[in-house]
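Here is a short briefing on how the parts of one protein pack together. Please keep the sequence and the model in view while reading.

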Amino acid sequence: MSEGVDLKELKRRMDGAIAAFKHDIASLRTGRASANVLDPVTVEAYGSRMPLNQVANITVPESRMLSVSVWDKSMVGAVDRAIRESNLGLNPIIDGQNLRIPLPELNEERRKSLVKVAHDYAEKSKVAVRHVRRDGMDGLKKAEKDGDIGQDESRAQSERVQKMTDEVISEIDRLLAEKEKEIMQV
């Protein structure tokens, strides 16, 4: 007799969704400059999409400025375009192989748009968690149908999977509320 589904594996996958969400919201800027702001930016380079940090070095020379040193001079235009199209509201200034990115003061409208982006990240993470739950539930149904586990065990494990899902989603909501408060703080 098998146990139905591997709850530890489902938990690991759900924790992965939380980790990805934490990484995403860390890139949303609040008060001062952080190199993480450019984490979501991908550049069309050498025939594929690559994270910005694989084609350039990102530094924070001062609190309201980012500096991006592109390694390959031919990539400067692509990096500039990727940053402008990233929906982060940044306008790089090209200076040879470097891009200087002044970070605008966060006004009320910008703060609200950052909160919207944070909500989008949260929704993507919740969808990922629900996919993991669906995989677990499908595994339980299959195990029950194949006769590997009984109906009572299937129901008990379904409840555990649902409880785990609810806990992870409430954790995502808690992290979102913290980030929203941080963004809206003037």
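The points below cover the domains, then the helix pairs.

The model is predicted. The protein is divided into domain 1 and domain 2. Helices α1 and α4 run roughly parallel to each other. Helix α3 packs roughly antiparallel to α4 and roughly antiparallel to α1.

**Domains**

- Domain 1 takes in residues 5-26 + 106-182, and domain 2 takes in residues 33-100.
- The C-alpha centres of the two domains lie 31 Å apart.
- Four residues from domain 1 and six residues from domain 2 make the contact.
- About 380 Å² is buried between domain 1 and domain 2. Carbon and sulfur atoms give 37% of that area.
- On the domain 1 side, H23, A26 and R110 supply 68% of the area buried against domain 2. That is more than any other three residues.

**Helices α3 and α4**

- Helix α3 spans residues 108-145, and helix α4 spans residues 151-184.
- The two pack at an angle of about 170 degrees, with axes 10 Å apart.
- Because angles over 145 degrees count as roughly antiparallel, α3 is roughly antiparallel to α4.
- The residues in the contact of α3 with α4 divide into 14 nonpolar, eight polar and nine charged.

**Helices α1 and α4**

- Helix α1 covers residues 7-26. The angle between α1 and α4 is about 10 degrees, and their axes are 11 Å apart.
- Because angles under 35 degrees count as roughly parallel, α1 and α4 are roughly parallel to each other.
- From α1, the contact residues are L7, L10, K11, M14, I18, F21, K22, I25 and A26. In α4 they meet R160, V161, M164, T165, V168, E171, I172, L175, L176 and K179.
- By class, this contact of α1 with α4 has 13 nonpolar, one polar and five charged residues.

**Helices α1 and α3**

- The axes of α1 and α3 cross at roughly 170 degrees and come within 9 Å. That angle makes α1 roughly antiparallel to α3.
- L10, R13, M14, A17, F21, D24 and I25 are the residues of α1 in this contact. Their partners in α3 are A118, Y121, A122, S125, A128, V129, V132, R133, D135 and G136.
- The contact of α1 with α3 has eleven nonpolar, two polar and four charged residues.

How values were computed
Residues numbered from 1 in each chain as written. Predicted model: local features only at pLDDT ≥ 70, side-chain atom pairs only at ≥ 80, totals over all residues. Heavy atoms only, no water. Axes fitted to C-alpha atoms, helices over the stretch in contact; angles between N-to-C directions. Helix = DSSP H or I, 4+ residues; strand = E, 2+ residues; numbered from the N terminus. Parallel < 35°, antiparallel > 145°, perpendicular 65-115°, else oblique. Nonpolar A, V, L, I, M, F, W, Y, C, P; charged D, E, K, R; others polar. Domains from an automatic or database assignment. Contact = heavy atoms within 4.5 Å. Buried area = accessible area lost by both parts, 1.4 Å probe.
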